[in-house]
Amino acid sequence: MLYTSPDKLKCSRDHTLLFVAFDLEEGQPKSNVSCSLSGNCSCARGLCGSDFFVKNLTQSPQQHWAGFQGALVLETILNYNNTPNSQRFPSVFQNYFRQAYQQISTNKFRGDFLAVIGRSYDDAKLISGISNAFKKMKNFKVIEIGLPASLRGRPSNWNPSISQYMGDFFRSDHYRFWNADPSLPAVFLTDSANFRGFMKQCYHRECDDISHVTPEMMTFLGRTTDSVVEVVSNMTNEKCEMKQADCIEEKTADKGVIMTPYYNTQYPNKLDCAWTISVGGKDLRLKFTSFDLEESVNCTADYVNIRDGKDKTAPLIGRYCGKTPPEPVKASAQSLYIMFHTDELDAFKGSKRSGVQR
């Protein structure tokens, strides 16, 4: 089952989607291990799991894989770092990828982007697909790193005078798809591993542990995976019935509770709901009896805004998100304006509140 969006009720797809976890990506050590002494290492050079998968794929009858649209290979996609000069590069980067280098240098070499690595010609559709999906998400960047258009097909057939400088761009399982016979489209999605932040010192070392993980990193990871889901859903020609929501209302405090759309299941994405609660000649207090929204830094994802007045121009009382119900809110006059916003990502049960006259 592919989780995409809570807005989708019933879905069908025209093409098959495979999730594959490759093992033996790293080469086995060449010293101080028993296989080195015996000369019987099962994966001395690395990328063995993907090598087996791709060979098995291309050796099967052609009708089983002739419609292959591409592989999205994710590796090290958690490390987000928006500190200036947290990003470095392979030595050849500035010469072969000048546009990408310019983008990053203009941003003061911050490691706040997802790198999408592919061959400019063979993988153009995949590169643009993942880039366009990621760019829809505010405050997160994607940098396209397209290998020169002259580098097409199998890397083993490339001019050695150029390919010898591309080793850092062959470092994951996408390489086995590129070097298949025939060559297959694939892109490599990465935070750049040992070229960013703390991983410069901790790559493949014990200090690469959970103590470095920040809320911003988790959000970055979520944005990346959701972009991948969108791309692969489009590639399968997914067709879905969608939830509908109409949630612009005016209420009086004595008319019961206000609930977010599809309360207690999952509210839809990309919503902007608004309620104005008014009472005549009495004080108004708003009490939340249930609250379950997406947690985010500074409540920038899904949130509830409450304003002290009749519309969106009224003074802001507070913005709320997460799972802790806000304290009761009291209006200074006889009206409160409540706005509920959801982004394009995760969805939760929503909130339930009542207007109380006192």
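This is a predicted model: local features need pLDDT of at least 70, side-chain atom pairs count only at pLDDT 80 or more; totals for chains, interfaces and linings use all residues.
Visitor: How many disulfides does the structure hold?
Guide: The structure holds two disulfides, a disulfide being a pair of cysteine sulfur atoms within 2.5 Å. One joins Cys202 to Cys207, with an S to S distance of 2.1 Å. The other is formed by Cys299 and Cys321, whose sulfur atoms are 2.2 Å apart.

Visitor: Where does the Cys299 and Cys321 pair sit in the chain?
Guide: The pair links distant parts of the chain, 22 residues apart. Cys299 is in the loop between strand 10 (284-292) and strand 11 (303-307), and Cys321 is in the loop between strand 12 (316-320) and strand 13 (329-330). Helices (H or I, at least four residues) and strands (E, at least two) are DSSP runs, numbered from the N terminus.

Visitor: Left-handed or right-handed, for the link of Cys202 and Cys207?
Guide: That link is left-handed, with -120° about the S-S bond. The link of Cys299 and Cys321 is left-handed as well, with -75°.

Visitor: Is Cys202 buried or exposed?
Guide: Cys202 is buried, with a relative accessible area of 6%, whereas Cys207 counts as partly exposed at 31%. Buried means under 20% relative accessible area, exposed over 50%, and partly exposed in between (1.4 Å probe, protein chains only).

Visitor: Changing topic, how many salt bridges does a search of the whole structure find?
Guide: The search finds seven, a salt bridge being a side-chain nitrogen of Lys or Arg within 4 Å of a carboxyl oxygen of Asp or Glu. Among them, the side chains of Asp112 and Lys141 meet at 2.8 Å, N to O. Asp112 lies in the loop between helix 4 (98-106) and strand 3 and Lys141 in strand 4 (residues 141-147), so the pair ties together parts that are 29 residues apart in sequence.

Visitor: Which residues form a salt bridge with Arg119?
Guide: Arg119 meets Asp122 at 3.5 Å, N to O. Arg119 also forms a salt bridge with Asp123, the closest N and O atoms being 2.9 Å apart. Salt bridges that share partners join Arg119, Asp122 and Asp123 into one network. Arg119 is buried, with a relative accessible area of 0%, and Asp123 is buried, also at 0%.

Visitor: What span should helix 9 have, and what does the model give?
Guide: The 21 residues of helix 9 (residues 215-235) should span 30 Å at 1.5 Å a residue, and the end C-alpha atoms are 31 Å apart, which agrees. The expected span is 1.5 Å times one less than the number of residues.

Visitor: What covers the buried residues of helix 9?
Guide: The cover includes strand 2 (71-74), strand 3 (113-119), helix 5 (124-135) and strand 5 (186-190). The buried residues of helix 9 include Met217, Phe220 and Arg223.

Visitor: And where is Leu47 placed?
Guide: Leu47 is in the loop between helix 1 (34-38) and helix 2 (48-59), and Leu47 is buried, with a relative accessible area of 10%. Leaving aside neighbours within four places in sequence, Leu47 is in contact (heavy atoms within 4.5 Å) with residues including Leu24, Glu25 and Phe170.

Notes
Residues are numbered from 1 along each chain as its sequence is written. Side-chain values use heavy atoms; hydrogens and water are left out.
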